[in-house]
Amino acid sequence: MDERFNKWLLTPVLTLLFVVIMYQYVSPSCSSSCTNFGEQPRAGEARAPAAPSPARRAQVPPDEWERRPQLPPPPRGPPEASRGSVVPEEEDVEPGDQEEEEEEEEEEEPDPEGPENGSPPRFVPRFNFTLKDLTRFVDFNIKGRDVIVFLHIQKTGGTTFGRHLVKNIRLEQPCSCKAGQKKCTCHRPGKKETWLFSRFSTGWSCGLHADWTELTNCVPAIMEKKDCPRNHSHTRNFYYITMLRDPVSRYLSEWKHVQRGATWKTSLHMCDGRSPTPDELPTCYPGDDWSGVSLREFMDCSYNLANNRQVRMLADLSLVGCYNLTFMNESERNTILLQSAKNNLKNMAFFGLTEFQRKTQFLFERTFNLKFISPFTQFNITRASNVEINEGARQRIEELNFLDMQLYEYAKDLFQQRYHHTKQLAHQRDRQKRREERRLQREHRAHHWPKQDGATEGTVTEDYNSQVVRW
């Protein structure tokens, strides 16, 4: 009886085992689920959903598959450590974050502002600019009558950039700079005419640190006087350029400069044909200078020209009655000044940012089709960066320079968009150039190969014929 029962029991067990083996062999996609069969998630743990097989995924509609949650891939390595940076000033050297922007063949280099460098998120445009606003290419005719005009705003790194213009550009006829002299001679090739209007070439011909209002009314007349009469019939183009800087850093740098004795009191501030009266533009100090001034005293002077200096020097002051504060109410005046500064900055041939030296160099070279001999250096330590201020003082400086803060945000956005647009165009031109070179190489090879093939065939035929004759 027991022997008969064992035979009946053995048959279904073997059959079941055969079915299980055949099922695993025919359906390998279930191996993972079969292996994990019987393993239940522990209390408090969520079990990760198993990825469906290709056959199963094909049965599910694509839109439904996309809606299903998927686990993120595991990390491939430790995150990069954040890298900090700092900067120089002009006479004092210039500020900014250290950037490496050497061009790659097909891919763009890492953005120092990217999240992989421990910095804020990658640049996201905030303002809408047209293609015309972003595209900057100047057909600068250095042998003709074109002139680059540098608007030098105090404490924006303008001294360093101005030296680059006279000493660091690769030219057919470089500027002649003699030791012990502040000015260089920047003549056009084969002519005695200057192509650069700046502190280090023509000096302060329109006044010390002349602003946009002064330069646009003064430079054409000055250049006509210096030009040869025979060239007056030709058209002259003036290409205005400038440098901007973070308003808080610039303000602190100016305070330290004034504290050391700087005044700029010889500036003309010409507007509508006259300089401002003492009542329109009073001074903040009674003596010859403001040496030793504290930051609080510097901020407490309501008519301190350091406040919103960048907006004032880029705007058309004739639109608001120059320095006559009674010409219109303060709110209307501020609105007009800021919008005028934005428009003038956007329409300039070029502007750079002190905090982005390499990008400034890149955009200048692409705009004017001129190359610098040595790369720009991004310094990280300045007098302004060494000043320790509390949060209250910083907020006060931002309030005093609220127009400059808005202008700088606008300028920084435009600058970054121009950089990325110009970089993209450069990559496209490089790719097109490489494609053209490869096409010419293929044509060159195709032109020579048929001749070689023909020569080989002729040789083989000749050898065969000679063999036949010998046979």
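Predicted model: local features only at pLDDT ≥ 70, side-chain atom pairs only at ≥ 80, totals over all residues.
## Contacts along the chain

Among contacts between residues at least 6 apart in sequence, 73% join residues at least 24 apart. The chain has 471 residues, and 42% of them are buried. Its accessible surface comes to about 28700 Å², with 54% of that belonging to carbon and sulfur atoms.

As for secondary structure, you will find 14 helices and four strands. The sections below start with the strands and then turn to a helix, the cores, the rings and the charged pairs.

The four strands form an open sheet in the order 2-1-3-4, and their pairing is parallel. Strand 2 (196-197) and strand 4 (350-353) stand at the edges with a single partner strand each, so one side of each has no neighbour in the sheet.

Look next at strand 1 and strand 3 (residues 238-244): they run parallel and are joined by five bridges.

## An enclosed helix

How many of the 10 residues of helix 6 are buried? Eight are, so this helix (residues 158-167) is largely enclosed by the rest of the structure. The buried residues are Gly158, Thr159, Thr160, Phe161, Gly162, His164, Leu165 and Val166.

The cover over these buried residues includes strand 1, strand 2, strand 3 and strand 4, along with helix 12 (357-368).

In soluble globular proteins, nonpolar side chains tend to be buried together. Here the largest nonpolar core has 72 residues, and Trp195, Phe364 and Phe368 have the most contacts inside it. Helix 14 (residues 402-470) gives the most to this core, contributing eight residues.

Leaving aside residues up to four places away in sequence, Phe368 touches Val138, Phe140, Ile148, Tyr239, Ile241, Ala349 and Phe350. There is also a second, separate core of 19 residues; among its members are Val248, Met299, Ala306 and Val387.

## Aromatic rings

The structure holds 21 aromatic pairs. One of them brings together Phe140 and Phe368: the ring centres are 6.0 Å apart and the planes stand at 90°, so this pair is edge-to-face. Phe140 lies in the loop between helix 5 and strand 1, while Phe368 belongs to helix 12, and the two are 228 residues apart. Both Phe140 and Phe368 are buried.

Phe350 and Phe364 also meet edge-to-face, because their planes are at 80°, with ring centres 5.3 Å apart. This pair links strand 4, which holds Phe350, to helix 12, which holds Phe364, across 14 residues. Phe350 is buried at 2% relative accessible area, and Phe364 is buried at 0%.

## Salt bridges

The structure holds 12 salt bridges. In one of them, the side chains of Glu224 and Arg145 meet at 3.4 Å, N to O. The partners come from distant parts of the chain, 79 residues apart: Glu224 sits in helix 7 (residues 212-226), and Arg145 sits in the loop between helix 5 (131-134) and strand 1 (147-151).

Another salt bridge, between Glu436 and Arg439, has its closest N and O atoms 2.3 Å apart. Why are these two about one helical turn from each other? Glu436 and Arg439 are three residues apart in helix 14, which means that about one turn separates them. An α-helix has 3.6 residues a turn, so residues three or four places apart point the same way. Glu436 is partly exposed at 31% relative accessibility, and Arg439 is partly exposed with a relative accessible area of 31%. Finally, Glu280 forms a salt bridge with Arg274, the closest N and O atoms being 3.0 Å apart; Arg274 is partly exposed, at 39%.

Methods
Residues numbered from 1 in each chain as written. Heavy atoms only, no water. Core = buried A, V, L, I, M, F, W, Y, C linked by side-chain atoms within 4.5 Å. Buried < 20%, exposed > 50% of the residue type's maximum accessible area, 1.4 Å probe, protein only. Contact = heavy atoms within 4.5 Å. Salt bridge = Lys/Arg side-chain N within 4 Å of Asp/Glu carboxyl O. Pairing = 2+ DSSP bridges. Areas by Shrake-Rupley, 256 points an atom, 1.4 Å probe, with all protein chains shown as cover. Phe/Tyr/Trp six-rings, centres within 6.5 Å; stacked < 30°, edge-to-face > 60°.
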